[in-house]
Amino acid sequence: MSEANRILGGFGPIVLAQDFDKEYINAFEHINKREGVDIKPLAGQSQVVNGTNYAFYCFVSPVVAPNVPKVNRLELIVVNQQGEHFTQLSDRTFSEPVLVPPIGSFDSVALRDDFSEAELRAAQQIESLEGVNYMILAAQQQVVAGLNFAFYSVVIPVTPNAQAFFARIDAHRDFEGKLVNTQLHHINP
């Protein structure tokens, strides 16, 4: 992505990790040095300021012994690049908190390839909605009278010149399998 394609002052369009150019990869490599966790970028955005800010939406998985429960989470990590120097500006968890064991709370974050059958069916229902394209990347679920879901998605409005954004989609699946009480929450850097 060239400098000309970035929005001056605001964060530019969402870029999926699979589409990162050398600039994104270089910025991410400077934050991917934490010990005790594996960090996988899902998507990112950049902002031209005094240098360039990069916001990374990341799947963070702790490195634990085989018999210890692994509680994966999603974090938004923002770094600033000035020349060859990188500084981490912020780091915040934006996934739902998890109790260990997760009795009554949301479970650990799962990436799309690891969705439960219920998560996969609910994600497919949401992605089939018209008017907006949802690219669901991760999810959590909570057992209640039915199931609560928190889906983490790139949202692409299908209107001219609309900018994609990262969001959490909350939904409840009732006992009949219907998704109800669906809400969209922007996740901003």
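Is R121 buried, partly exposed or exposed, and what is its relative accessible area? R121 is partly exposed, at 42%; here buried means under 20% relative accessible area, exposed over 50%, and partly exposed in between, with a 1.4 Å probe and protein chains only.

1. Basis of the note. The model is predicted: local features need pLDDT of at least 70 and side-chain atom pairs count only at pLDDT 80 or more, while totals for chains, interfaces and linings use all residues. Residues are numbered from 1 along each chain as its sequence is written, and side-chain values use heavy atoms, with hydrogens and water left out.

2. Sheet β1 to β5. An open sheet of 5 strands is ordered β1-β2-β3-β4-β5, with antiparallel pairing. Helices (H or I, at least four residues) and strands (E, at least two) are DSSP runs, numbered from the N terminus, and two strands pair if DSSP finds at least two bridges between them. The edges are held by β1 (15-16) and β5, each with a single partner strand, so one side of each lacks a neighbour in the sheet. Strand β1 is joined to β2 (residues 37-49) by 2 bridges, the two running antiparallel, and L16 stands opposite A43 in β2.

3. Helix α1. Helix α1 (residues 22-29) lies across β1, β2, β3 (51-62), β4 (73-82) and β5, and runs at about 60 degrees to β3. Axes are lines fitted to C-alpha atoms, for helices over the stretch in contact, and angles run from 0 to 180 degrees between N-to-C directions; contact means heavy atoms within 4.5 Å. Within α1, Y24, A27 and F28 are buried. They cover an arc of only 100 degrees around the axis, which puts them on the same side of α1; the arc is that of the directions from the helix axis to the C-beta atoms. The cover over the buried residues of α1 includes β1, β2, β3, β4 and β5.

4. Sheet β6 to β10. A further open sheet of 5 strands has the order β6-β7-β8-β9-β10, also with antiparallel pairing. Strands β6 (110-111) and β10 (179-186) stand at its edges with a single partner strand each, so one side of each is left without a neighbour in the sheet. Strand β6 pairs with β7 (residues 132-144) in the antiparallel sense over 2 bridges, and A110 stands opposite A139 in β7. Helix α2 (residues 117-127) packs on this sheet, touching β6, β7, β8 (146-157), β9 (165-173) and β10, and its direction makes about 145 degrees with that of β7.

5. Aromatic pairs. The whole structure holds 12 aromatic pairs, where rings of Phe, Tyr and Trp (its six-membered ring) pair if their centres lie within 6.5 Å; planes under 30 degrees apart count as stacked, over 60 as edge-to-face and the rest as tilted. One of them, F94 with F166, is edge-to-face, at 5.8 Å centre to centre and 80 degrees between the planes. F94 lies in the loop between β5 (85-93) and β6, and F166 in strand β9, so the pair ties together parts 72 residues apart in sequence. Both F94, at 9% relative accessible area, and F166, at 1%, are buried. The ring centres of F115 and F151 are 6.3 Å apart with planes at 55 degrees, so this pair is tilted. It links distant parts of the chain, F115 in the loop between β6 and α2 and F151 in strand β8, 36 residues apart. F115 is buried at 11%, and F151 is buried at 0%. Ring pairs also link F20, Y24, F28, Y54 and F56 into a cluster.

6. Salt bridges. The count comes to 8 salt bridges, each a side-chain nitrogen of Lys or Arg within 4 Å of a carboxyl oxygen of Asp or Glu. In the bridge of R73 with E75, the closest N and O atoms are 2.7 Å apart; R73 is partly exposed at 24%, whereas E75 is buried at 3%. R34, R73, E75 and D91 are linked in a network of salt bridges. R168 bridges to D170, with the closest N and O atoms 2.7 Å apart, and both residues are buried.

7. Return to R121. R121 forms a salt bridge with E117, at 3.7 Å between the closest N and O atoms. Both residues lie in helix α2, 4 residues apart, about one turn of the helix. E117 is exposed, at 52% relative accessibility.
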